[in-house]
Amino acid sequence: MIAVFSTSSPIASCAVFDDAGLCLVQGSRDAPRAGSQALTEMLNEQLGELKAELSDLRLFVADVGPGSFTGCRTATTLAKSLAYGLGVSCSGVTAFDLIDATRTVGIPVRKGLVAVRTPGNEPQVVPTEQAEELLGEHAIGGIP
């Protein structure tokens, strides 16, 4: 099984996937400045729901941003620590790919600025108004 952590925003998210990439359970909590605690609680709850143990996890994945620098470090540190302790692999993935690897995605990075990534292209930081035009009806990440 694979555990995926995201704390690049004030919302902490945790999901457990099977080895084929099927999401078995997921959850998120508003956890500003408390991402580590929220992730460990959610992971324990999710493993309990699956009747699984921490030792059943074979890969830990962390959201590496864009987003809060400290938040990204929280998920990365937890993923690396658990992977090291269990002697399993660890990896990182962008917030864009966690949201949707196949669509144009926007993620607010600062007031009035949005990081936008179109599949196959490098992300660009643009004013909110321009992001709204790029995203159209598919606005994601808190952009109206």
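Predicted model: local features only at pLDDT ≥ 70, side-chain atom pairs only at ≥ 80, totals over all residues.
Student: Hi! How many salt bridges does the structure hold?
Tutor: Hello! The structure holds four.

Student: Let's start with Glu45. Which residue does Glu45 form a salt bridge with?
Tutor: Its partner is Arg29, and the closest N and O atoms of the two are 2.6 Å apart.

Student: And what does that pair tie together?
Tutor: Glu45 sits in helix H1 (residues 35-49), while Arg29 belongs to strand S3 (residues 23-30), so the bridge links parts that are 16 residues apart in sequence.

Student: How accessible is Glu45, and what about Arg29?
Tutor: Glu45 has 45% relative accessibility, so Glu45 counts as partly exposed. Arg29 is at 25%, and that also makes Arg29 partly exposed.

Student: Moving on to Arg117. Which side chain does that of Arg117 meet in a salt bridge?
Tutor: That would be Asp97, at 2.8 Å from N to O. Arg117 lies in strand S7 (residues 113-117) and Asp97 in helix H3 (residues 95-100), so this pair connects parts 20 residues apart in sequence.

Student: Is Arg117 buried or exposed?
Tutor: Arg117 is buried, because its relative accessible area is 8%, under the 20% cut-off. Asp97, on the other hand, is partly exposed at 33%.

Student: What about Asp100, who is the partner there?
Tutor: Asp100 meets Arg103 in a salt bridge, with 3.8 Å between N and O. Arg103 is partly exposed, with a relative accessible area of 32%.

Student: Last one: which residues do salt bridges with shared partners join into one network?
Tutor: Arg29, Glu41 and Glu45 are joined that way.

Terms used: Residues numbered from 1 in each chain as written. Heavy atoms only, no water. Helix = DSSP H or I, 4+ residues; strand = E, 2+ residues; numbered from the N terminus. Buried < 20%, exposed > 50% of the residue type's maximum accessible area, 1.4 Å probe, protein only.
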